[in-house]
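The paragraphs below take the salt bridges, then the helices, then some backbone details.

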Amino acid sequence: MHPGIREMVRETTLRAEDLVLPLFFDERISTPRMVTSMPGVQVWPVEMAAQRAKEVEASGVRAVILFGIPMEKDEKGSGAWASDGVVQRTIRSIKEATGLVVIADLCLCEYTSHGHCGLVEDGEVLNDETLILYGRTAVSQVEAGADMVAPSGMMDGMVQAIRMALDDAGHERVPIMSYSAKYASSFYGPFRECADSCPASGDRRSHQMDPSNAREALREMELDAAEGADILMVKPAMPYLDVVRDARQLTDLPIAAYQVSGEYAMLSAAMANGWLGEEAVLESLLSIKRAGADIIITYFAERVAKGLR
Ligand code: PBG
């Protein structure tokens, strides 16, 4: 058989345009910081944002999602919506230097002294009071130049609150990519090392989902869609491919899947030992796309985009 036939009948292909690269910027550093649990990933000083973004653009990656670590944290996470906050400054530099699609992760956990995703009282996260701060953060990220916001705190009503805040500020056209089905997963461990966002006490089980539940994810996604989300996300990706598939069947909205830090760490460790070859990365991304994701957020984005070119 001609090998071209195998290509003609190929059902799923991966494109650089499908990928989003997460980037971390830390206001407290002046040289890049390595992340031991994520070989090849670095946390960057804000001053290097433009330079770093140009490299990313040259790889063929079209979109980045930004996380910031502020100089100072407080009870409320006020660095998240400061007009000269770490992410706002980073967005401005990247937009000035490149044509990348800039997505702002929207959460308070990197900005609060206690490391929780919202306001906390008596050890409990206050849902509704937190929504006001999410709205404020969204507006400030968009006014700095963000092309899309991605709320990751899983508070109830967060998409609607952000949509209303953005509309009121005249940003009706800015889309929201919601972390709709976000599991209370142990695969976020390495991320918490890079974002310095480990909860000081307790965990995120009050608002992140139980790994045992799949139907609940569909309810969360239906709610987010009804509140006006433009893209629905499932996170992590590989351990939740069934949920990605369910999401695909549930809605016509675009679906994003986040191949998280622990998935990256796992594959990287095996590759570093020679236990897996580099092709495992493509296979993992292809499996996520085959399950139904349109967009894949992955720390491998730059490496893979270079290979696809
Ligand atoms: C919260 C957020 C987290 C991740 C993305 N956004 C951490 C958490 O929920 O604890 C994890 C991403 C990863 O592990 O790669 N702002």
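A salt bridge is counted when a side-chain nitrogen of Lys or Arg is within 4 Å of a carboxyl oxygen of Asp or Glu. This is a predicted model, in which local features need pLDDT of at least 70 and side-chain atom pairs count only at pLDDT 80 or more, while totals for chains, interfaces and linings use all residues. Residues are numbered from 1 along each chain as its sequence is written, and side-chain values use heavy atoms, with hydrogens and water left out.

Side chains of opposite charge can pair when their charged atoms come close. Under the rule above, the count comes to 14 salt bridges. One of them joins R52 and E302, with the closest N and O atoms 2.7 Å apart. R52 lies in helix α2 and E302 in helix α11 (residues 301-308), so this pair ties together parts that are 250 residues apart in sequence. Helices (H or I, at least four residues) and strands (E, at least two) are DSSP runs, numbered from the N terminus. R52 also forms a salt bridge with E55, where the closest N and O atoms are 2.8 Å apart. Both R52 and E55 lie in helix α2 (residues 49-59), three residues apart, or about one turn of the helix. An α-helix has 3.6 residues a turn, so residues three or four places apart point the same way.

Buried means under 20% relative accessible area, exposed over 50%, and partly exposed in between (1.4 Å probe, protein chains only). R52 is buried at 9% and E302 is buried at 13%, whereas E55, at 38%, counts as partly exposed.

A further salt bridge is formed by the side chains of D18 and K289 (2.9 Å, N to O). D18 lies in the loop between α1 and β1 (19-26) and K289 in helix α10 (residues 279-291), so the pair ties together parts that are 271 residues apart in sequence. Both D18 and K289 are buried. With R15, they are linked in a network of salt bridges.

Next come two helices. The expected span of a helix is 1.5 Å times one less than its number of residues. For the 18 residues of α4 (residues 127-144) this gives 26 Å, and the end C-alpha atoms are 26 Å apart, which agrees. Helix α4 is mostly covered, with 13 of its 18 residues buried. Just after α4, G145 takes a positive phi of about 125°.

Helix α7 (residues 215-227) has 13 residues and should span 18 Å; its end C-alpha atoms are 19 Å apart, which agrees. Its buried residues are A217, E220, M221, D224 and E227. Seen down the axis of α7, they fall within an arc of 125° (taken from the directions from the helix axis to the C-beta atoms), so they line one face of the helix. R215, R219 and A226 are exposed on the other side of α7. G228 follows α7 and has a positive phi, near 110°.

D122 is in the loop between β6 (120-121) and β7 (124-125) and is exposed at 77% relative accessibility. M154 is in the loop between β8 (148-151) and α5 and is buried at 7%. Elsewhere, a cis peptide bond joins K235 and P236, with omega about -10°. P236 is placed in the loop between β10 and α8.
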